[in-house]
Amino acid sequence: MTSVNPFNISDSEDEAERNPNDTDDTARSPSGDAPGPPTGNPFSPPADADAPTLLLTSNRTSPSGEGISVSAVVNSSMAGSAETKVSVDVIAAQLLRDQYILTALEFHTELLEAGRELPRLRDYFSNPGNFERQSGTPPAKDQALAPGGPLNRAGSISTLDSLDFARYSDDGNRESDERVAVLEFELRKAKETIQALRANLTQAAESEVPSQERKNFKSSPEIQEPIRPLEKRALNFLVNEYLLKNEYKLSSITFSDENDDQDFELWDDVGLNIPKPPDLLQLYRNCGTPVSSPRDTVDVSVEVDFGDFPGNCLAQDSQKKPDLSLQQQTEVVQELEYQIGLLNNDKQSLAQQIKKLQSEIQMLKRTISSPPPTTLDLGSQNISNPSSSSSTTTNTSSSDPLSVPPTDNGKYLDIQGASEPETDLDPPSTQNTSQTHPQPQPQSKLKSQPLVQFDKPNRKLSPAFLQALLSFCRMCSDSRLGAEVSRIAGSEESVMLMLGRCLPHIVPNVLLAKREELIPLILCTACLHPEPKERDQLLHILFNLIKRPDDEQRQMILTGCVAFARHVGPTRVEAELLPQCWEQINHKYPERRLLVAESCGALAPYLPKEIRSSLVLSMLQQMLAEDKADMVREAVVKSLGIIMGYIDDTDKYSQGFELMLLSLGDPSERVVSAVHQVFIPAFAAWTTELGTLHTALIPSLLARIEKLLMQGEHGLDEHKLHVFLSALQSLIPPLFAMVLQNAPFTSRVKLRGDTPAIEVTRFPRPASPLQDVSTIIGSREMLSALLLLYDNQLEHEGTTGWDSLLWVVNQFLPQLIEIVGRINVMSSTCVHEFSRFFWRFCRTFGKIFTSTKVKPQFQEILRLSEENVDDSEGNDILTKATVPIYATGVLTCYNQEEDRKLLVGFLEDVMTTLSLSHAPLDSLKASFVELGANPVYHELLLTVLWYGVVHTSALVRCTAARMFELVLRGMSEALVDRRAAPALITLCSGPEFSVRISTIPAFGTIMETVTQKELLERVKMQLASFLEDPQYQDQHSLHMEIIRTFGRVGPNAEPRFRDEFVLPHLHKLAQANNCQAVEIKRIDIATQLFEAYSALSCCFISEEVMVNHFLPGLRCLRTDMEHLSPEHEVILSSMIKECEIKVENRGMADAQGSMSIASSLVGEDAKTKFLSKMGQLTTSGAMLANVFQRKK
């Protein structure tokens, strides 16, 4: 049996709200697609009901008794025949028509328990459409529910039978919906229970103090009654409201945090049955107003206006009731004062309306010249529709001077009234209106548009008839949106008020991708809105406009915030914008926290200076220390830099220095980069103004570097050294700018048009515009003029009286050179960092300064001369990091011919001195490594090495040979072939074996890095001569060097060179070592062979070489290790076993390979088919998945 939906309503509240006036459409039932009956009879029974039911459908019935009731049906049935019984379906249909829904539900439940389920009730209660609202507008309070009207229930509750009857529904997927409906029903019941309990608690709180105690408190005024919980919550609410109204927002936030158990947004949280009293200001004013006479008190129970009584009547009434208690009289006075306040507000509204009317009349007098101004009647301005006209007539005809004014206070033009025809008022009404509202004065100010006049109909219809007639116009003015639409703002302030009311409803319904289009509207409204609470709400909407704003959206919001700040000034920025930032400082989305960090920097110029250096600085410091997102901390650092550009509180210097160190130690590279680009330049500019750049900031960093070097004797923390040195390097441009600005010639600077431009390479490339010296100085023209005077002063006039430059020369440089001498020369990282620092320092201060101030101090310390060759104390400085830092950081600053000659001469002298004095070569190696990383210096280094190749001393030639190994890496093959290889072969032709042995590592490096065959053959022949020439057979050190070199370059060398040359000669050396008689030499060779074979075991070796050379060499080495080092012998045995297994597996694979030729052909055919199938596919993942599905 199919059912028909007895309700013609929408399946969802959303659809009902979209089509509130569409009463002709039909809705579909969730259990069927049959259309419902017309809206006029929403509770009609199904079409397929039984015959007795159809007899009752001629008229709808209501609970009031209209139509046919259930009892009438029973009586009529019994009257017809005593044996006739009424069908349960008839009773069910009548209950549904009369809307006895709960009775029908109970009836349905009893039938189910009795096992007599009724299809009509089952289908009715299984249909969720029967319990939804028909429209989004609730009925009026005084309007009774129509017999066929919709049930006034929550639209989200879809059914009443929960999950028990879901199996009877045609929709099998509705279990979850019904479960949600049950939960929402239970939630509503729980809320009602909570409200009832809170009402009981409120009453209990009111009466928790015993009556006897209250009497004691009243009889003894000096004994104060203890505050009750209800009173405390009420006072807390009023105090918080006072703080918000008077712009004490931060105090309000703190007060709310201290009372976290109370909701300050809702007065009902204080007590549901307690009316909200006036605010604190009103209470204070009322409390301070004394009762002047008995006329001020009147019995509240008399519901008449006290203005209707004469004065003596009030006095007599007051004298007739002498038994009124003091408390009752006080309550009466407070109530009357509250009414007086309301009347004063109404009076102000009336005054505003009078001003508006006066301005309108003044407009008409100016614009309309033909009709005389006296013809304009004030009464016509108040005419809207007939209903409003009649109400106006009633109100104005009364003699009560305290009549309530219109609700719009004259601020709006009524669209509804303007669109309706005007009706004539009675002459007394017009006269009274004129008396109530005085005639406008001629000097009234014009504020609105002229009054629009419409033709009056020449009809004699009553106003009631017109009102009834116009009621058929389908207009909606009783809802929020209808009220807004029906009124047009008549002034700028009214427009702001309207926007403030409408924007909170508009924003949630705008697409997220387009919400930035609302930013101008929100900002303008927030700027001009008169209510602080509304402005706060609008700014809250602005910061929460987009859930996770991207970079462009954040920039748009920041632009709007800056425009807002420029418009409203620092006080409102502090009171309105900063609290929004503070609220979102710990937001769960990093994009929102990023917006806060960027806002603090963007708003810094528009905040009060006290707030900049206190609250905002603390907020950013907290985010820098606690936020986990790199991009947020990066924005925090940039905003801190902006704060440092505007701060002027000298006490914050130490805090800024700690923030710099904290941000420099951040693990994120992007944060550290932001520190160097923004924070350090801004902080340095502030310290320059304070005069502490060279007296406090730079000395503090130098002291930390020295302390780090003292603590790091056993292991230097290179990361911390990099942090401090990089900060020092970022301070070089501000230091040079300070030297220029404090120079003696600053008073002689003249900007002329013929000032030469600054060379592009004059300064190192800055990390950011803030590190550009021209930006720090002010302009490139000013910098160019200062540089000309600077070079002239250094070259001709000296540094007398130049305190800042003298500090650099006499204190800063010597301390730096001393620090350099304490660095471990083996630490390539430290050497590289300090070399970069000195290079940037010398390039910034210029060539003249480097030549006259920096180089002499290094040369004085190094003291390179022939007399110091044998002086161990004098040569000790040459073994430190001073040599490579001076060579790579100072001598390479300028690349002219004289500078290159100076560098070559310095390196030759160092190489000669260290070689002849038998000193360690670490400082020379560090210099060659640092210079060799730049291909520009390869030719220069080969020139230095050639000087050592042709030197008369074998010690110098040995040093040159060892330096070749360092410079050959990264050198071009053409340069190696043209200059390096001939130099090495020249060294091998000398008589000293030590020199020849020193060339072996360099030849190995060539074999490792060069691919040119001819060059490789030449190197191969030279190494073969070392191994096969009889004069080298007893050269133990030569064999050691060759084995070490083979182990180093073998894995990276050409495979052919490794298989044909390296492994066979290692095999020969292992065999020869078995016959070595000297045990020490045998151990040394065996140890080097073990290292070489361990490195070569990871390479791919052909089966032939494995069997003929690699395995035999390992067996020979194992023979040595059995007697010399048993622990190595175990490792060698496992290596031999693994190699043997590899050889066996390769043999088996070759045998199987010959048998699988035919199968491989079949596999190739399948592979071809598969690839062709794959080639026909597009990039769709769904189509790719279909390839591997089994065909059905």
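In this predicted model, helix α27 (residues 630–646) packs against helix α29 (residues 669–690) at an angle of about 10°, and their axes are 8 Å apart. Axes here are lines fitted to C-alpha atoms, for helices over the stretch in contact, and angles run from 0 to 180 degrees between N-to-C directions. Helices (H or I, at least four residues) and strands (E, at least two) are DSSP runs numbered from the N terminus. The two helices α27 and α29 are therefore roughly parallel to each other, given that angles under 35 degrees count as roughly parallel, over 145 as roughly antiparallel, 65 to 115 as roughly perpendicular and the rest as oblique. On the side of α27 the contact is made by D630, M631, R633, E634, V637, K638, L640, G641, M644 and G645, and on the side of α29 by R670, V671, A674, V675, V678, F679, A682, F683 and W686, where contact means heavy atoms within 4.5 Å. Sorted by class, the residues in this contact of α27 with α29 are 12 nonpolar, 2 polar and 5 charged; Ala, Val, Leu, Ile, Met, Phe, Trp, Tyr, Cys and Pro count as nonpolar, Asp, Glu, Lys and Arg as charged, and the others, Gly among them, as polar.

Residues are numbered from 1 along each chain as its sequence is written. As the model is predicted, local features need pLDDT of at least 70 and side-chain atom pairs count only at pLDDT 80 or more, while totals for chains, interfaces and linings use all residues; side-chain values use heavy atoms, with hydrogens and water left out.

With 9% relative accessibility A635 counts as buried, where buried means under 20% relative accessible area, exposed over 50% and partly exposed in between (1.4 Å probe, protein chains only). Leaving aside residues up to four places away in sequence, A635 touches L594, A597 and E598. A635 and R670 are 35 residues apart in sequence, and their C-alpha atoms are 9.9 Å apart in space.

Another pair of helices is α46 (residues 1013–1028) and α48 (residues 1055–1074), which pack at an angle of about 10° with their axes 12 Å apart. Helices α46 and α48 are therefore roughly parallel to each other. From α46 the residues K1020, L1023, A1024, L1027 and E1028 take part in the contact, and from α48 the residues F1057, E1060, F1061, H1065 and L1069. This contact of α46 with α48 divides into 6 nonpolar, 1 polar and 3 charged residues.

Aromatic rings come next. Rings of Phe, Tyr and Trp (its six-membered ring) pair if their centres lie within 6.5 Å, and planes under 30 degrees apart count as stacked, over 60 as edge-to-face and the rest as tilted. By this rule the count comes to 25 aromatic pairs. One of them joins F255 and F264 in a tilted arrangement, with 5.7 Å from centre to centre and 45° between the planes. F255 counts as buried at 17% relative accessibility, and F264 counts as buried at 11%. Y790 and W802 form an aromatic pair that is edge-to-face, with 5.9 Å from centre to centre and 85° between the planes. Y790 lies in helix α34 (residues 780–797) and W802 in the loop between α34 and α35 (803–821), 12 residues apart. Y790 is buried, with a relative accessible area of 0%, and W802 counts as buried at 0% relative accessibility.

Which residue's ring lies under the charged end of R762? The ring is that of F763, and the charged end of R762 sits over it, 4.5 Å from its centre. A charge sits over a ring if NZ of Lys or CZ of Arg is within 6 Å of the ring centre and within 35 degrees of the ring normal. R996 lies over the face of F993, at 5.2 Å from the ring centre.

Turning to the backbone, most residues other than glycine have a negative phi. Q99, although not a glycine, has a positive phi of about 65°; Q99 lies in the loop between α4 (88–97) and α5 (101–113) and counts as buried at 15% relative accessibility. H918, also not a glycine, has a positive phi of about 55°; H918 lies in the loop between α40 (897–916) and α41 (922–932) and counts as exposed at 62% relative accessibility.

Finally, the secondary structure of the chain comes to 53 helices and 2 strands, and 42% of its 1192 residues count as buried.
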